[in-house]
Amino acid sequence: MAKKQKPKLAVWKFASCDGCQLSLLDCEDQLLPLTERIDIANFPEASRAVVKGPYDLSLVEGSISTPHDAERIHQVRRASKFLVTIGACATAGGIQALRNFIDVKDFISIVYATPAYIDTLKKSTPIAEHIRVDFELRGCPINKEQLVEVVSAFLQGRKPNVRPHSVCMECKRRGAVCVMVAHGTPCLGPVTHAGCGALCPAYHRGCYGCFGPMETPNTREMSAAWERLGVKQKDLVQIYRSFNAYAEPFYSESRIHESKIHQG
Amino acid sequence: MSTNSTPETMMGREPSAPMLPRPCTVQRVRQETYDTFTLELAPAAGGAFPFAPGQFNMLYAFGVGEVAISISGDPGRPEKLVHTIRAVGATTKALGHLRRGDTVGVRGPFGSAWPAAAAAGRDLIIIAGGIGLAPLRPVVYHVLRNRQKYGNVVLLYGARTPADLLYTKELEQWRGRFDLDVQVTVDRASASWHGTVGVVTNFIPRARFDPSETVAMICGPEIMMRFAIQEIEEMEVNTDNIYVSMERNMKCAVGFCGHCQFGPAFICKDGPVFSYNSIKTLLNIRGI
Amino acid sequence: MNFPLNRAMMAPRGSVTETALKVGTLRMLEGASLDRLFGALSKRGYRLLGPAVREGAIVFDEINSAADLPAGWTDEQEGGTYRLKKRSDDALFGYAVGPHSWKKFLHPPAERLWQADRKGKTFEVTEEKPDTQKTAFIGVRSCDLHAIAIQDKVFLNGYYVDPLYKARREHAFIVAVNCGQAGGTCFCVSMGAGPKAAAGFDLALTEVCEPERHYFVVEAGTDLGAEILAELPGREVEGREKAAAEDTVASAAQQMGRYMDTTNIKELLYQNYAHPRWDTVAARCLTCANCTMVCPTCFCTTVEDVTDLQGEHAERWQKWDSCFTKDFSYIHGGSIRATSKARYRQWMTHKLATWFDQFGTSGCVGCGRCITWCPVAIDITEEVRAIRQAPQSPKSSPVGDKYGNS
């Protein structure tokens, strides 16, 4: 065991807030055993030291939003044996994918004094639209326990215990009372990918979909249930249009309700 | 079901600790094809592993996971526990990395068996597709050991390509016997293949057996089994004498986890071997 | 129902009882004396689990005394809604079942099955020790007693026995409560599962709230129950009290919020695998799995193999799973039940049809949880009604043996 070279880990940042990378540093107790098993070869958030590739495991944070990044992600793929995207930006385009619903040029001229300096793409897109991705870890931000699980599963060569079912299963397993049924609080749990451990419902809040759509989301019926609880069309547009706005079927569902507003 | 083995001798011998894997040592690894290999195991604590043809074990690769695998060895040699495994998932790949002296966790044997002994006195037609030959090989061993007890014995085996054929040396030996009718075919092949190309069911009408006195045992992809059954039914083999082996997701193998349900049956305890008559209706409904 | 469990090991013998009571004895216990029962159980080392108000619902949790019970609360339940309401009296058990069921304790949402440690080229497996903590379940309704008996069939009555479930089951003392009020989604009467507790309890209480009096009629269901009952400051029940208790249960039976016609229900579903109603319900179904999580009989689990980062230590965990997930039926190449339709059909057909062939009983006890806790109010009684009203021709697939073959 000891003689074998340790696998090399690299962490890459694209358009993102760094929050997901920080989850790795947040692993505290797990971080030391991790460095015994794996060489952290490239992780600018933690250290300026850079070990050359290729890398056995790459964690990619952030979305593709500039022409430069659209090039760079291919280099990352070429340098990586196993590539995992982490967080809503990397897996769904992130909050910055709100630009995908309008013309980005209009924004640039409002925000920047010299729009000509800005080189950006029309859309913010998930990594998997550009390259082959071996595993996607969802969440805004990701759950650090799930990150450790993905890394240890990678080291063992097993499938990570990260399942794509609804948040409701986690909610019920932890014994939380359903906020939607018992309090009439709108909750996206039934259409949202598990992984957070039903954090919000356990604190009596509705889920707002940080982990994006679950495996078989029935957003149409979810929206109908929200409407029965008195939620207006404009709020339905908002709820689907957050960190995972560009993930199907949240993307289409928000457009449906947007067109309903326009129809009056 | 008549094919059920008797619990005393054939089921896992730890009814009160059914989820606990027993360590077994890898005695031998044989690469069968580019993605399929055979493990020969022996209980680390010594002793034998009696099983009936068609039964399966749950094999655990340390730290990776557990998977249901049919026993492909000789029921007459229970001191050797043999499994033929196709590396398609994380656990089967991890099992493929094991070498002589490594340890595998084993539970079982579980499930129902092919009516190999009960078929004595009749003709036997064994139809296998792909890895489906593995759970039928114990039947062949049993029959060869007791050859005089059976009438005509036909083995029809199909695979996708010549590279996917299992047990090629053994197949060659069996083909050389006068008391076995062995036919092998592949779905597609390059010019270097001198054998038959086509689906395995093509052989059925031409095979030598007496439909009124024949037991059929079929294992392979569900679609292949459906076609094979259709052909055999057309030959007027009594549907009571047709047996198939079914596959479903399986986690516990002892009837607790619910995953392997197939209508009212649990594949793990009512199956995997079923008489075709008993599941005829279910086989034709999608998504059961 | 049969509860062939050996309790000899945990029944403390030699405690002083004034009069030896028999199983089946009815006694009157004043409402204020309920704590004496809890005291008697605590003294014997039982951890008390019972109903309590949390997060706007009545859930099952650890309780210490009668003061922790939801006094004066009731629930209003309908498809997809549950609300707590104040009652006009101070009844301690004046509500139907909530989102939790006792499987939370007997068949927990997650439990470790074993651990293994690498030792050179081999590894050592350490079995999980069964939990021998004695627990008393307070306020188990008849539907839930039936549900426990059904899970017993799954985990105890086959060739293989789940040792962890068995230990918890053997160490459980059951205080049943006969329902005095049915919920809006209850249909235990249809399923022959209530509202009166018929078997499977140590003690059964019927709560009677009169303007001037609050008391319980207590029935002993086992020797241990009788022994404890004898220690409580009750007396023989009077005819009037017995009648009042019977009236209470009878009125609950009259109030069932739902009804299901179970005539030949197994055959009905076996003949209707291709019914168009499955498409209709699948269009509504969120496949969120809430129904299976709240169902007191749903027993399906998955296993997760976990490891430490060093790869030296491995564990296997069992977790509640659901037939509404795609993974559930995954075999190499894809899911067998790829559609919501196939998954809903599997769940309902299992509950109401295949369960009979698997375990000799219905898988549904009419508790109504799946109706209340479905976010989009899918109603199993309504689904059965729809199929029954326009069944497919039974001639097309006659029912013969257990697999639906003629």
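A residue counts as buried if 20 or more other C-beta atoms lie within 10 Å of its own, exposed if 12 or fewer do, and partly exposed in between, with C-beta atoms placed from the backbone. By that count Asn264(C) is partly exposed, with 13 other C-beta atoms within 10 Å. Asn264(C) sits in the loop between α7 (239-254) and α8 (265-270) of chain C, and has a positive phi of about 45 degrees although it is not a glycine. Helices (H or I, at least four residues) and strands (E, at least two) are DSSP runs numbered from the N terminus.

A word on the model itself: it is predicted, so local features need pLDDT of at least 70 and side-chain atom pairs count only at pLDDT 80 or more, while totals for chains, interfaces and linings use all residues. Residues are numbered from 1 along each chain as its sequence is written, and chains are lettered from A and ligands numbered from 1 in the order in which they are written.

Now let us turn to chain B and follow one helix. Helix α5 (residues 222-234) of chain B has 13 residues and reaches 18 Å from its first C-alpha to its last, close to the 18 Å expected at 1.5 Å a residue (1.5 Å times one less than the number of residues). Its buried residues are Met224(B), Met225(B), Ala228(B), Ile229(B) and Ile232(B). Seen down the axis of α5(B), these fall within an arc of 135 degrees, so they line one face of the helix; the arc is that of the directions from the helix axis to the C-beta atoms. An α-helix has 3.6 residues a turn, so residues three or four places apart point the same way. The buried residues of α5(B) pack against β7 (123-129), β11 (214-219), β12 (242-245) and α6 (276-283) of chain B, where contact means C-beta atoms, placed from the backbone, within 7 Å. On the other side of α5(B), Ile223(B), Gln230(B) and Glu234(B) are exposed.

After α5(B) comes Glu236(B), in the loop between α5 and β12 of chain B. Glu236(B) counts as exposed, with 10 C-beta neighbours inside 10 Å.

One joins Gly53(A) and Pro54(A), with omega about 0 degrees, and Pro54(A) lies in the loop between β2 (39-42) and β3 (55-61) of chain A. Another runs from Glu248(A) to Pro249(A), with omega near 0 degrees.

Terms used. Two residues are in contact if their C-beta atoms, placed from the backbone, lie within 7 Å.
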